[in-house]
Amino acid sequence: RRVAGLALDPDPGATGFWWNVYLATGDCDAAARRVTEAGGSVVVAPMDVLDQGRMAIVKDPVGAQFGLWQGRGHVGCEVVNEPGALVRNDLVTSDPGPARAFYTEVFGFTLDGNPDVPDFDFTFLRRPDGHEVGGIMGVPGVPASAWATTFEVADTDAVVAAATAAGGRAGAPDDFVYGRMATITDPFGAEFSVIARPPGQPA
C-alpha cells in the first residue's frame, strides 16, 4: 500500500531534497486562488497528473511550501498511523500567527491548543468535523518555515541504527510525551522524524 512518493525535481538548478506535504481539496484551482487571496503564492500552477488527480505547489505567507491535491484515480496515502507509514505533518515556523490565520482562511481549519505540551507554542489544525489534519509549531529562531514529516516505526532505536548504516545521519532518540522520537536525514539531505508510540495510544 502506498505511504509516500518520490519524484524528480523539475528544476534542474535546484539543490537539496525535502518532503512535500499535500493537503487534499475538492477543487484545486479554487484552493490555489484562496492561497493567493490569503497572502500566499503559487509556485506551480494547477495541473492534471494523468488520471490520478490535479495538483499545485504553493507557499503560505511565512514561506512554507506545500502541495494541493484534488484526488481522482489516486486519493492519497493508502495507510497511515501505523509502523512504516505517515503519522504526522506539522508546520514549524518562527512566525506562527500569520500561518495560523492563513490555514484557517484557506481550508476552514480550526485551531486547538494542546494541553499535553503546555510549554510549546503548538496548535492542532482540524477540519470543522474535528478530524485532525496537522499542527503548527512556533519555534523562535528557526532559519526557515517548513512542513515537517513524521513516520511511525515499531522501534526508534533500530530505525536510527538502520538509517545510519545506510548512509544517513540521525540525532539521538529521545522520549517525548507521545513516544520515542528521532530526527533522521537521508543521504540526499531530506530530513524527517520517526516515532515509536506506546502500545494502545490512539492514532
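Which residues of the largest nonpolar core touch the most other members? I put this to the structure first, bearing in mind that it is a predicted model.

**Entry 1, main core.** I found 23 residues in the largest nonpolar core, and those touching the most other members are Phe66, Leu68, Tyr103, Phe107 and Trp147. I then looked up which elements supply this core: helix H1 (28-37), strand E3 (53-59), strand E4 (65-71) and helix H2 (96-107) each give at least two residues. The largest share, five residues, comes from H2.

I listed the contacts of Tyr103, leaving aside neighbours within four places in sequence. Tyr103 is in contact with Leu23, Asp60, Phe66, Leu91, Gly108, Phe109, Leu125, Ile136 and Trp147.

**Entry 3, second core.** I noted a second, separate core of 10 residues, with Leu86, Ala163, Ile184 and Val194 among them.

I counted three helices and 13 strands. For 203 residues, a compact globule would have a radius of gyration near 17 Å, and the chain agrees with this at 17 Å. I recorded a span of about 45 × 40 × 35 Å for the C-alpha trace along its principal axes. Of the contacts with a separation of 6 or more, 52% join residues 24 or more positions apart.

Conventions. Residues numbered from 1 in each chain as written. Predicted model: local features only at pLDDT ≥ 70, side-chain atom pairs only at ≥ 80, totals over all residues. Heavy atoms only, no water. Core = buried A, V, L, I, M, F, W, Y, C linked by side-chain atoms within 4.5 Å. Buried < 20%, exposed > 50% of the residue type's maximum accessible area, 1.4 Å probe, protein only. Helix = DSSP H or I, 4+ residues; strand = E, 2+ residues; numbered from the N terminus. Contact = heavy atoms within 4.5 Å. Rg over C-alpha atoms; globule rule 2.2 N^0.38 Å.
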